[in-house]
Amino acid sequence: MDLRELRYGIEIETVKRTREQIAWAIHSVVGGHVRHVGVPASYDPWEVEDLRGRKWKVVNDASLTNVPSHLRAELVSPVLTYDDLEQLQEVARAIRKAGGKINSQCGIHIHIDAEPFDGRKLGNLAKVVYKQEPLILHALGINSDRLRRYTRPVSDELIQNIERHRPKTKAQLNRIWYGYHNNQPQHYDNTRYHGVNLHNVWYRGTVEFRWFEATLHAGKIKAYLQFCLGIAAKALNGRAASSRKRDFDPQSAKYDFRVFLLHLGLIGDEFKTARLHLMKNMPGDAAFKNGRPKPDETETTIQTTEAGSNPGLSVLGGES
């Protein structure tokens, strides 16, 4: 499966503008009509039904505790396809133009449709992430508080249980994820606070990626989506995946992460910007695993004329 065939959704948290103002900013891009749903009151939802009948929601997010309640907003997109990326970027730009901001508490959650997955492919996904997680966490620059509370890494125990039981169905993986068969998962289940949240497979039908600091930079949003779509496609297409965790080596990190991105299918001009944004935090050299070699100083030397004037460069072994 090509990553461009997968469906997705996105949640973007913002501050400084009311939910109504954010809704009208969305409307300026997608058209349709805006209405204040208002219930449940705790979420105070606004809704933009676009020209295609899809509903973009703007709700209160209680986790944004460092701003007044009326200035907390979380955009919840409808189910989108790869062809919607450009419009989604325009929505982000419109929110920014309307004065929407982000702060240290804001985040982005990306949801990938879990329908194409079975237990084995979800196990592949967990193992792909587990193996590359030292690189991923560094590349995304996740702050320590978010990493500790809301985006915990894939656990050693989960991977060991996947390797031991080799789940083939979602029901089998359900028992591994929760430790029992959970046929009535609730929204605020504690297991959801992982960078890769498989609880959502059974609660909402999506794999949720919770790694991302919020941004209204359209290029970064596109990069994050392409990255998650690439991971999902790799898990779906692979017959198996290695769970051997990669060590983080500062000297080779940028090279290693670039190779990982290429293996995800993020190759060519279409994904050039994604590679740029995703690799910019990585130390090392993208083209050389062990660092860019220094010019061989023995190959060049400054030749001074016999009279000690008119210095110039020459190659050893040539005329002297």
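**Helices and strands, in turn**

Mentor: Helices (H or I, at least four residues) and strands (E, at least two) are DSSP runs, numbered from the N terminus. This is a predicted model, in which local features need pLDDT of at least 70, side-chain atom pairs count only at pLDDT 80 or more, and totals for chains, interfaces and linings use all residues. Residues are numbered from 1 along each chain as its sequence is written, and side-chain values use heavy atoms, with hydrogens and water left out.

Trainee: Which residues of helix 5 are buried, and where do they fall around the helix?

Mentor: Buried means under 20% relative accessible area, exposed over 50%, and partly exposed in between (1.4 Å probe, protein chains only). On that scale L158, I159, N161 and I162 are buried.

Trainee: What do the buried residues of helix 5 pack against?

Mentor: Look away from E157 and R164, which are exposed on the other side of helix 5. Counting contact as heavy atoms within 4.5 Å, the buried residues pack against helix 3 (119-140) and helix 6 (170-178).

Trainee: How far apart are the end C-alpha atoms of helix 2?

Mentor: Helix 2 (residues 85-97) has 13 residues, and the expected span is 1.5 Å times one less than the number of residues. That predicts 18 Å, which agrees with the distance between its end C-alpha atoms: 18 Å.

Trainee: In what order do the strands of the sheet lie?

Mentor: Two strands pair if DSSP finds at least two bridges between them. The edge strands are strand 2 (33-36) and strand 7 (196-197), each pairing on one side only. The 8 strands form an open sheet with antiparallel pairing, in the order 2-3-4-5-1-6-8-7.

Trainee: How many residues of strand 1 are buried?

Mentor: Y8, I10, I12 and T14 point one way, while G9, E11, E13 and V15 point the other way, and all are buried. That makes strand 1 mostly covered, with a count of 8 of 8.

Trainee: Which residue in strand 5 stands opposite I12?

Mentor: Strand 1 and strand 5 run antiparallel, joined by 5 bridges. Opposite I12 stands L75.
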